[in-house]
Amino acid sequence: MKHFYALTLLAASAIAASASVNTDVLSTVNPQCEVIQQKSATLTRHDIKKDAPAKVASTADLAGVYDAQYYGILKNNSGWNTTQFTITATSDTELSIVGFYNSYPVTGIYDATAGTITLATNQAMFTYSGETAYFTTSRFNDNGQGFYSTESIVATVEEDGSISFDSYDIFFVQITAGYFNGGYSMSWTPYVEPTYSFSLSHNLCGADNLFVANIEAENVAAIKTGAFLGKYSASAANYSYVASSGSTIEAGEYTFSFVGCDAQPATVFIVAVDESGNVLEGHACRFYITYDNDDEWDSLGTATYTDNILTSAYNFSVTSIDYEVEVQKHTGIENYYRIVNPYGSSTPFSNYSITDHNHYLYINAYDPEAVVIEEGPIGIDVEGDNSEMWVVSLAPTYGESYGTMVDNIITFPTKAILVGYGDDSSLYYSNNNGLFKLALPEGDTGVKSLTTHHSSLTTPVYYNLQGQIVTNPVAGQLYILKQGSEATKVLY
């Protein structure tokens, strides 16, 4: 059964961009500081039931899947990370362990008498650009400052079947060019197959700003939902808030309407709870609201577009591709453009296109010396795994590298455009060759030079903290106000 959900934004939406945030509502997602060079493969997770043994007598007793935590020391000290490890017994004393880096195994030696697993250093894992990547072990000095290489790290198998590492032990996945991953103070607990099922599929954007989620669930007491303007983290605290304050719905297909909201990301939480109201599982679903009022846009006709976004994000056979696209210009906001279906069915990337509704690449060139690409989906799923790609410029949220518009040609510096995938908050560099270019049609009456245009910018324009133009600012929220060459953060 399909349901149209009369959307009620919970309290957090009203304060998502305000100067102060109450502690009893959802915490906003911090800007993603780390930008990863290339998209890594998805970690393989095996659906193997692992019950905690009373006593571990052999490697076969250890085989299974473990939920794991480790502290990320190579990701700007990013704090605790969660993942899964899969252990396979390859002999009476030897284990194959997958999870340190993607699906590449590391060998461990199990001592049943001591109840320990020893992971030797410098184990070859895979080859990258002709060089071998190694699993490498180290240890912090006693004062916790700096670290030194070791021959191995040793994990202890606890009475409850969990596996722990000493807090001073460190692992790296290392190649000559640097480190891929690293962590310390790890703990693994046996994965126990849940007695319930809870899953959903959803869209990253939708026609008429309608978010659709198809929810499937068995053996859950209730399903709670809440919608919030802005990007919010998939955290236990946020799930708990929605479980206690959200609306109750049943399994099925739901349509949430964001009609009337300004262009920005939104987060829809869908949480399953047990009879006591405890969270069994939750999903934080991102949705992009688009500024899709067709009557406010005029078509400029065909423009020449040089893609260096997809050609950087994936190993295509060319560095960049030139092709024709339709460009529209906003009727009321100066130098505000959008490319219609930049990767649609009529482009060289048609094999990967999502064509159920229009997608746009919004380019804000109000200040031609500080051009930005607004965050949003671009209608393409290269991997075919419901991880639709979204794009945003490095500036202003993640850096100071802006694009420019000179003589109606918009360009961006090398690595000044970022891409993401689905609900994942990770960002990846694109435009790695600095070849992105949009040559607007000659008939456009936009800027012809930076200097003649720059002095005439007097109309105030408000932007949200994602760099998107806001047509109806709300009192009590933070915005970036641009007027002329000045840009300031203001509380409206």
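Two strands are taken to pair if DSSP finds at least two bridges between them. Strands (E, at least two residues) and helices (H or I, at least four residues) are DSSP runs, numbered from the N terminus. By these criteria, strand E27 (residues 376–377) and E28 pair in the antiparallel sense over two bridges, and Gly376 of this region stands opposite Val391 in E28.

The structure is a predicted model, in which local features need pLDDT of at least 70 and side-chain atom pairs count only at pLDDT 80 or more, while totals for chains, interfaces and linings use all residues. Residues are numbered from 1 along each chain as its sequence is written, and side-chain values use heavy atoms, with hydrogens and water left out.

Burial is defined by relative accessible area: buried means under 20%, exposed over 50%, and partly exposed in between (1.4 Å probe, protein chains only). Five of the five residues of E28 are buried, so this strand is largely enclosed by the rest of the structure. From E28, Met389, Val391 and Ser393 point one way, whereas Trp390 and Val392 point the other way. E31 is likewise mostly covered, with five of its five residues buried. On one side of E31 lie Ile417, Val419 and Tyr421, on the other Leu418 and Gly420, and all are buried.

E28 and E31 run antiparallel and are joined by five bridges. Three bridges join E31 to strand E32 (residues 427–430), and this pair also runs antiparallel. E31 and E32 form a hairpin with five residues between them, and Gly422 in the turn has a positive phi of about 55 degrees. Individual bridge partners are listed below.

| Residue | Bridge partner | Strand of the partner |
|---|---|---|
| Val392 | Leu418 | E31 |
| Ser393 | Ile417 | E31 |
| Leu418 | Tyr429 | E32 |

**The eight-stranded sheet**

An open sheet is formed by eight strands in the order E26-E25-E24-E23-E22-E33-E30-E29, with antiparallel pairing. Its edge strands, strand E26 (372–373) and strand E29 (404–406), each pair on one side only. Within the sheet, E24 and E25 pair in the antiparallel sense over five bridges; Ile339 stands opposite Leu361 in E25.

Asn364 also lies in strand E25. This residue is buried, with a relative accessible area of 3%. Its side chain reaches the backbone nitrogen of Tyr366 at 3.1 Å.

**Nonpolar cores**

A nonpolar core is a set of buried Ala, Val, Leu, Ile, Met, Phe, Trp, Tyr and Cys residues joined through side-chain atoms within 4.5 Å. The largest such core has 34 residues, and those with the most contacts inside it are Tyr305, Ile309, Tyr343, Met389, Ile410, Phe436 and Leu438. Among the elements that give two or more residues to this core are strand E22 (297–307), helix H3 (310–313), strand E23 (321–330), strand E28 (389–393) and strand E31 (417–421). E23 gives the most, with four residues.

Contact means heavy atoms within 4.5 Å. Not counting residues up to four places away in sequence, Ile410 touches Tyr337, Ile363, Val371, Thr404, Met405, Phe436, Lys437, Leu438 and Leu440. A second, separate core of 28 residues includes Ala68, Phe85, Ile87 and Met186.

Key: Polar contact = N/O pair within 3.5 Å; in protein donor to acceptor, adjacent residues only side chain to side chain.
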